Amino acid sequence: MQTFVLPRALLASVAAALLAGCAAVGPASSSPEETVQDRANARWAALLKGDSAKAYGYLTPGYRAVHDEATYRKRRGSAVKWTGAEVVDVRCPEATKCLAKVRIEAKPFLGRKFGDTIVTHVEETWLLEDGRWWLFERL
């Protein structure tokens with residue numbers, strides 16, 4: 001009887017691919033709320049670092065099919081510098097739709113009429129498509 005042995009590099013590549021696929025969706029025990037909170041926080045972490053390419057990757061496939069990353073970056077604007085962001089609440093009124101409330105801190109580049117730091121909240125819509133949660137952005 002002959003034994004077939006796969007090279008270690010091939011095994012490592014297969015294992016890495018499987019783990020990456022699992023991480024994209026989140027652990028099987030994660031609720032939609034937890035998964036959306038994790039993805040929304042990761043997207044905002046990318047925005048805070050100025051990594052618009054990474055943040056762009058969280059947008060729905062439909063949006064990305066219509067707008068490239070450069071167009072997305074231009075639409076973000078530059079009147080303020082984001083200094084902090086945190087998802088403070090996620091609720092999912094439908095099985096394929098979640099609403100994430102994000103607390104954002106920003107410093108305006110022009111003027112100090114509102115003080116050094118502005119704190120506000122935005123609500124984001126996240127949609128489940130093909131087993132993954134994506135941020136909905138208007139076309």
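**Around tryptophan 126**

Tryptophan 126 touches Val36, Arg39, Ala40, Arg43, Tyr58, Thr96, Lys97, Cys98, Ala100, Trp133, Trp134 and Leu135, leaving out residues up to four places away in sequence. Contact here means heavy atoms within 4.5 Å. This is a predicted model, in which local features need pLDDT of at least 70, side-chain atom pairs count only at pLDDT 80 or more, and totals for chains, interfaces and linings use all residues. Residues are numbered from 1 along each chain as its sequence is written, and side-chain values use heavy atoms, with hydrogens and water left out.

Now step back to the whole chain. The protein chain has five helices and four strands. Helices (H or I, at least four residues) and strands (E, at least two) are DSSP runs, numbered from the N terminus. Their order from the N terminus is α-α-α-α-α-β-β-β-β. Of the 139 residues, 24% are buried. Buried means under 20% relative accessible area, exposed means over 50%, and partly exposed lies in between (1.4 Å probe, protein chains only).

Next, the core. The largest nonpolar core has 20 residues. Such a core is a set of buried Ala, Val, Leu, Ile, Met, Phe, Trp, Tyr and Cys residues joined through side-chain atoms within 4.5 Å. Val36, Tyr72 and Trp126 have the most contacts inside this core. At least two residues each come from helix H2 (32-49), helix H3 (52-56), S1, S2 and strand S4 (132-135). H2 gives the most, with five residues.

Two of those strands deserve a look. S1 (residues 80-94) and S2 (residues 97-108) run antiparallel and are joined by 11 bridges. Strands pair if DSSP finds at least two bridges between them. S1 and S2 form a hairpin, with two residues between them. Across the pair, arginine 91 stands opposite leucine 99 in S2.

Which cysteines does the disulfide join? Cysteine 92 is linked to cysteine 98, with an S to S distance of 1.9 Å. A disulfide is counted when two cysteine sulfur atoms lie within 2.5 Å. The structure holds one. The link of cysteine 92 and cysteine 98 is right-handed, with 95 degrees about the S-S bond. Cysteine 98 is buried because its relative accessible area is 0%. Cysteine 92 is at 22%, so this residue counts as partly exposed.

Finally, look past S4. Glutamate 137 lies in the segment after that strand. Is glutamate 137 buried or exposed? Glutamate 137 is buried, because its relative accessible area is 16%. Beyond neighbours within four places in sequence, glutamate 137 is in contact with Leu59, Tyr63, Tyr72 and Arg76.
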